[in-house]
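Thanks for sending this one over. Here are my notes, point by point, to read alongside the model.

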Amino acid sequence: MSSDIGKVIEEKLKKEFNPLHLSVEDLSDGCGGKFMVVVVSEKFAGKSLLERHRLVNSCLEEEIKQIHAFSQKTYTPEQWEKQKSK
């Protein structure tokens, strides 16, 4: 992750979701225009996929305005364990 916006995204997600796992990947060759995040948090328990994505989008509202592509994967710790074992 080479761009400053990537660092801001990472810090905000850490603060908001206290994730067990977090990856922030700049897919734009360093220009900071396209990001993929994976967030694993207890805060997602009992929430639908749409609700989880809204939480992340709300947390990163200002940053998302500055980039042209943003994708996310959100998991509970239990879902993450299943995902890793696939």
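1. Helix α1 covers residues 4-17, and its length checks out: at 1.5 Å a residue, these 14 residues should span 20 Å, which agrees with end C-alpha atoms 20 Å apart. The expected span is 1.5 Å times one less than the number of residues. Helices here are DSSP runs of H or I with at least four residues, strands are runs of E with at least two, and both are numbered from the N terminus.

2. A word on the source: this is a predicted model, where local features need pLDDT of at least 70, side-chain atom pairs count only at pLDDT 80 or more, and totals for chains, interfaces and linings use all residues. Residues are numbered from 1 along each chain as its sequence is written, and side-chain values use heavy atoms, leaving out hydrogens and water.

3. Which residues of α1 are buried? They are I5, G6, I9, L13 and F17, with buried meaning under 20% relative accessible area and exposed over 50%, partly exposed in between (1.4 Å probe, protein chains only). Seen down the axis of α1, the buried residues fall within an arc of 105°, so they line one face of the helix; the arc is taken from the directions from the helix axis to the C-beta atoms.

4. The face of α1 turned away from the buried side carries D4 and K15, which are exposed.

5. Packing partners of the buried α1 residues are β1 (21-26), β2 (34-40), α2 (49-59) and α3 (61-66), where contact means heavy atoms within 4.5 Å.

6. After α1 comes N18, with a positive phi near 40°.
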